[in-house]
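Visitor: I would like a close look at one part of this protein. Please take me through its aromatic rings.

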Amino acid sequence: GKCELVEEIRRLMPTLCDKHPTAHTTTLSAFDKEAAARMLNRCRAIFKLDYDAGLSALFSLQETRAMLEAFVLDRSEPERFDLEISRVTENFQHRLYVAKEERLRAKDFKADVESAFADEAAKLCELITDEPIEPKLAVSKLKELGIASRKIICEKYIGDFLHSKSFEEFFISRCGDITAAASNSWCTALRDRLWQDYDVPADCLPWLLSLAFALEFFPRPLVIGDCNRFGNSIIYANRAFCQLTEYDREEVLGRKPDFLHGPKTETDVLKEIEAMFQNGGDCHAVLTNYRRAGGPWQNVLSIATMKDSSGALRFSFGMLGQLSKDLGYEPEIREERLRRNCRLLSLLPLRLEDMYSEPLWEGTAAAEEAIDALVEKVKKALIISKARRSDFVNRFKQPLTRRIPLSSITGS
């Protein structure tokens, strides 16, 4: 009788455990078009913070680049030349950057990388301006031409393009069709930017892809971690993060963030961050991190966590910023740069379902209130960091006999 009872209990028990029950269990094949449209609005809001970075993101994918070219041509033939200049200079600057990074990693500090690209830059400048130029001046001149053309495209077209019917239909269709997500080149290219060994939950794939698209070229370093993987493993890192830390994306994805730690990394700050994860709140702190080559730098770190509808932690967003003269400890912190960072943080969803809701648009009372609150939190973290640093310096300014009691030396 007992054996039969045990077998009956086993039969009734579920064989699978839904670790994260959530109101948003929709798969891509049945994805709500209205939810996708709201998600598009959130990405538009992120793009709005930096249209130049958005232009780079659009150029990075073949389909969106072709759509933008068609959009510009439908409105103005002269701007086609500016669009082509923008694309060519973007490609040139990227290859130059990669070459410089390779030389640095090879510790070849004497090599003049720009000179190897000078002749190509001179030819491109002559094609654009119809005037010859000395190769030694060509790299900087080509950069200036690219900036001028990008400014024209950004001011005249990017905002309208992101709100165009064609781009909206394209974006929503890519989010809504699971077959397209598996085979379409746009979705495949975006999926390749996530950790390849990561099994993306079905209810998260649409917004993860769209967020990767919006943040790929954003000038603020940002990573996304999965709170339910060991050590909050990084599943996405944008280009700015790789540039700041000097790590390739492949070296970052799937790892715990502790690869940035080193001998001078503050253990008390790490404990504060760990406590934040346990409580599921946000965190702003200044932390000593280390680049790939071993050089230390002061990181103004802001972390926000995302929960699902059941209250379970799902993802974390970590935004990094290098402490420098224009973002320092003193009261003359440049307000606009700080607010710009906080605008992006305010657009990141804190609940899974928030990604499918309308974002807080800049200029509204609610949005400004959220940004003001974040600015104050970051300022507080900078003040605390300054106090820690001052305390550390003051202790070493004291006379030696005050720092080390004589009895500890003599044993008396």
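Predicted model: local features only at pLDDT ≥ 70, side-chain atom pairs only at ≥ 80, totals over all residues.

Guide: The structure holds nine aromatic pairs. Take Phe167 and Phe171 to begin. Their ring centres are 6.2 Å apart, and their planes meet at 45°. An angle under 30 degrees would count as stacked and one over 60 as edge-to-face, so this pair is tilted. Where do Phe167 and Phe171 lie? Both are in helix H8, which covers residues 165-176. They are four residues apart, about one turn of the helix. In an α-helix, residues three or four places apart point the same way, because there are 3.6 residues a turn. Phe167 and Phe171 are both buried.

Now compare another pair. Trp195 and Tyr198 are stacked, with 6.3 Å from centre to centre and 10° between the planes. Trp195 has a relative accessible area of 14%, so it is buried. Tyr198 is buried too, at 4% relative accessibility.

Back to the phenylalanines. Phe167 and Phe171 belong to a cluster linked by ring pairs.

Last, the helix. H3 spans residues 51-59 and is mostly covered, with seven of its nine residues buried. Among them are Leu55, Leu58 and one more aromatic residue, Phe59. At the start of H3, a side-chain oxygen of Asp50 comes within 3.1 Å of the backbone nitrogen of Asp52.

Methods:
Residues numbered from 1 in each chain as written. Heavy atoms only, no water. Phe/Tyr/Trp six-rings, centres within 6.5 Å; stacked < 30°, edge-to-face > 60°. Helix = DSSP H or I, 4+ residues; strand = E, 2+ residues; numbered from the N terminus. Buried < 20%, exposed > 50% of the residue type's maximum accessible area, 1.4 Å probe, protein only. Polar contact = N/O pair within 3.5 Å; in protein donor to acceptor, adjacent residues only side chain to side chain.
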